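Me: Hi! Could you walk me through the strands and helices in this one?
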Amino acid sequence: MSYRKFQADYLFNGTTLMPGTLVLITNEKGKILDIVDQNQAGEGVEIFSGILSPGFINAHCHLELSHLKNRIPEKTGLINFVYKVVTERHFPEEEVANAINYAIDEMVINGIVAIGDICNNELAISKKNDNRLHYYNFIEVSGWSPLISSERFERSKLIYEKYTENRKKTSMVPHAPYSVSQTLWEKITPYFSGKIVTIHNQETQFEDEFFLKGTGELVKMYELMKIDNSFYTIPGTSSLQSYFNKLYSASSVILVHNTFLKQNDLDYISKTKNFSQLVSFCLCPNANIYIENTLPPIEMLLNNQVNIIIGTDSLASNHQLDILEELKTISKQFPGIKTELMLTWATLNGAKALQMENKLGSFEKDKEPGIVLIEKIEGDKFTKSSKARRIL
């Protein structure tokens, strides 16, 4: 057996930032064999400057929106953003497919090894067969009017079946609480059992206003999109509390964005969740700035000791698909958060949320998590110039 040996200023194993006196040993394919002191490593050690880390987990992405890069204006709010995506996403299939390829290339270079990908069509299936990344595919279902529930469900079910017949890890999931009618919820809920379910959660302040009072910009969005809202009964709760109990049978829940999440929502989750269920909070800070010019309540999430994970969202709402750039944004706004904690969000926590921790997320014996080098650091801190690249 041939070995590869890696050493850098720091070695992050998935939970802990370890000293540079340690050497990571793998086989030629990247399977983790051991971590030893440099005095025991022998010859042939490859020495780098920076932090060695397991490959990154992009817990939330929309590959099929990659062709919309630089086409939607920044900081105009979620309502305008959603309207632009819905009305401008339809391009020739070849152009969409080529953009998906470029996006995958970018993620591989930037050290991403797995993604939770939101899917509304079948265009990305063939692109996912090259095994450069691990995928969990979330077939997104939406339809606010009850009159289109059957049509939307059947369409999504066909896409779901296409992914599953290709033996790909797949769930059927709701887009957002404001885009799934009660009738449609009833159709998709049976598909949650034992699965990973993700949903866009509280991405705009108007979301809670709509569920609490039935007013606000979401009403204007329905009018703009000519969607009949006359059937709607106001639940009088926050957005999250209007739907979270419907996710009870899922084994893992990923709440995405959480930009306007409140403490009483976290309390509600604690009281309502399945006791064995992992609930993860996916942060996509660069997309939040791109769309709403704000960030989620990260300090509140930290105080509640929840499972935080990281996503990039899509190239429609981001300038790059780069997990390190997300961490740099968080670090700039919250300089007190330790590097090893942010790296845990981007590696092991994400692998757990996508149920891939048996192979990815940490430098543990027999795993093949990929090896990423984070360069241009100061001490153990990220800088504006820090870059990540996959080295194995």
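Predicted model: local features only at pLDDT ≥ 70, side-chain atom pairs only at ≥ 80, totals over all residues.

Me: How many bridges join β4 to β5?

Reply: There are 5 bridges between β4 (residues 22–27) and β5 (residues 32–37), and the two run antiparallel. Two strands pair if DSSP finds at least two bridges between them. Strands (E, at least two residues) and helices (H or I, at least four) are DSSP runs, numbered from the N terminus.

Me: What sits between those two?

Reply: 4 residues, making a hairpin; G30 in the turn has a positive phi of about 100°.

Me: New topic: what order do the strands of the open sheet take?

Reply: β8-β9-β10-β11, 4 strands with parallel pairing. β8 (56–61) and β11 (170–174) are the edge strands, each pairing on one side only.

Me: Which residue is the bridge partner of C61?

Reply: D117, in β9. Strand β9 (residues 112–119) pairs with β8 over 4 bridges.

Me: And which strands does α2 touch?

Reply: Helix α2 (residues 93–109) packs on the sheet and touches β8, β9 and β10 (134–141). Contact means heavy atoms within 4.5 Å. The direction of α2 makes about 145° with that of β9. Axes are lines fitted to C-alpha atoms, for helices over the stretch in contact, and angles run from 0 to 180 degrees between N-to-C directions.

Me: Where does α3 lie?

Reply: Helix α3 (residues 149–165) lies across β9, β10 and β11, at about 160° to β11.

Conventions: Residues numbered from 1 in each chain as written. Heavy atoms only, no water.
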